[in-house]
Amino acid sequence: MSVVALLEHDALDPQLELAELTEAARGDGAIVTFVGLARPESREGNAVDAIVLDHHPTLTRQSLEDIAVACAERFDVSHIRVVHRCGMVPAGEPIVFTGASSIHRRAAFDAADYLMDRLKTEAVFWKREVGDDGAQWIEPTEADLADRDRWG
Amino acid sequence: MRIRLYGRLADAIGPNVEVDAALACSVAEIRDLLAASYPQAADELARSRACVGERLVGGEQLIDESDGLEFLPPVSGG
């Protein structure tokens, strides 16, 4: 069992993260991953050049680890890997990688789903979309909160 | 006393702010002092959590110069 939770200040390479997880997952039967991209358009339809994620020097990484550990305890998974960008992420670039491996696929699917629902609402970031119209602070939507609440 | 701010608070006030507070005053008193000095951030301050040494603290917590008080607005998630 391994749980990896990293805060990435520079570019995030999903292929590299998958390779790390695959290496750890020898003996498992399934890997499920999710890659979140910085959207080029806001919910209101405005063009977004970048997403800027402010973070706390200690609490942000700790929140990633807390969520990853809770996931590992909840599901029958072997390895968890969470890597989250901070700082300025240009539109179209990866902002988060989550992955879970398990002996059978269902646990890995559930774990990846759970990780993202909690990260989207509880990870310690303060996020804004930056575009021609200036910067717009973002908070979790009702749908994000409802998704998280599915897990009790 | 130097206070660290994040998110919308940092946007409205700045990432660091000096407050001329008495020694051993409470978090609530510092919050009120900041809200009076920066009324544009009063609503955001009201819904922010106070943090000292990576621990969330209540309004009654007494603070002195060396504690490193921070105010954290509601997080956006990742």
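Analyst: Start with helix H2 of chain A: H2(A) gives five residues to the lining of the second largest pocket, the largest share. Helices (H or I, at least four residues) and strands (E, at least two) are DSSP runs, numbered from the N terminus. This is a predicted model: local features need pLDDT of at least 70, side-chain atom pairs count only at pLDDT 80 or more, and totals for chains, interfaces and linings use all residues. Residues are numbered from 1 along each chain as its sequence is written, chains are lettered from A and ligands numbered from 1 in the order in which they are written, and side-chain values use heavy atoms, with hydrogens and water left out.

User: What counts as a pocket, and which residues lie nearest the centre of the second largest pocket?

Analyst: Rolling a probe the size of a water molecule over the atoms shows where empty space is left. On a 1 Å grid over the protein atoms alone, a pocket is an open set with protein on both sides within 12 Å along at least five of seven lines; a cavity is a set of points where a 1.4 Å probe fits but cannot get out; lining residues have an atom within 4 Å of a point. Here, 14 residues line the second largest pocket, and Leu59(A), Ser63(A), Glu122(A), Val124(A) and Arg49(B) lie nearest its centre. At least two lining residues each come from H2 (59-74) and H3 of chain A and from E5 of chain B.

User: What is the volume of the second largest pocket?

Analyst: About 240 Å³. Grid points are joined across faces, edges and corners, and a volume is the space filled by probe spheres set on the points.

User: How do the residues of its lining divide?

Analyst: Six nonpolar, two polar and six charged. Ala, Val, Leu, Ile, Met, Phe, Trp, Tyr, Cys and Pro count as nonpolar, Asp, Glu, Lys and Arg as charged, and the others, Gly among them, as polar.

User: And the largest pocket: what is its volume?

Analyst: The largest pocket has about 270 Å³. Its lining has 17 residues, with Leu37(A), Arg39(A), Ile51(A), Lys120(A) and Lys127(A) closest to the centre. Strand E2(A) has the largest share, three residues.

User: How many cavities of 30 Å³ or more does the structure hold?

Analyst: One. The largest cavity has a volume of about 70 Å³. Of its 13 lining residues, Trp126(A), Trp137(A), Glu139(A), Arg8(B) and Pro74(B) are closest to the centre. Strands E7 (125-131) and E8 (134-138) of chain A and helix H1 (7-12) of chain B each give two or more residues. The lining holds six nonpolar, two polar and five charged residues.

User: Now chain B. Why does its radius of gyration agree with a compact globule?

Analyst: The radius of gyration is taken over C-alpha atoms, and the globule rule is 2.2 Å times the number of residues to the power 0.38. For 78 residues the rule gives a value near 12 Å; chain B has 11 Å, so the two agree. Its C-alpha atoms fill a box of roughly 35 × 25 × 20 Å along the principal axes. Chain B has three helices and seven strands, in the order β-α-β-β-α-α-β-β-β-β.

User: Where is Glu54(B) placed?

Analyst: Glu54(B) sits in the loop between strand E4 (49-52) and strand E5 (55-57) of chain B. Phi of Glu54(B) is near 70 degrees, a positive value in a residue other than glycine.
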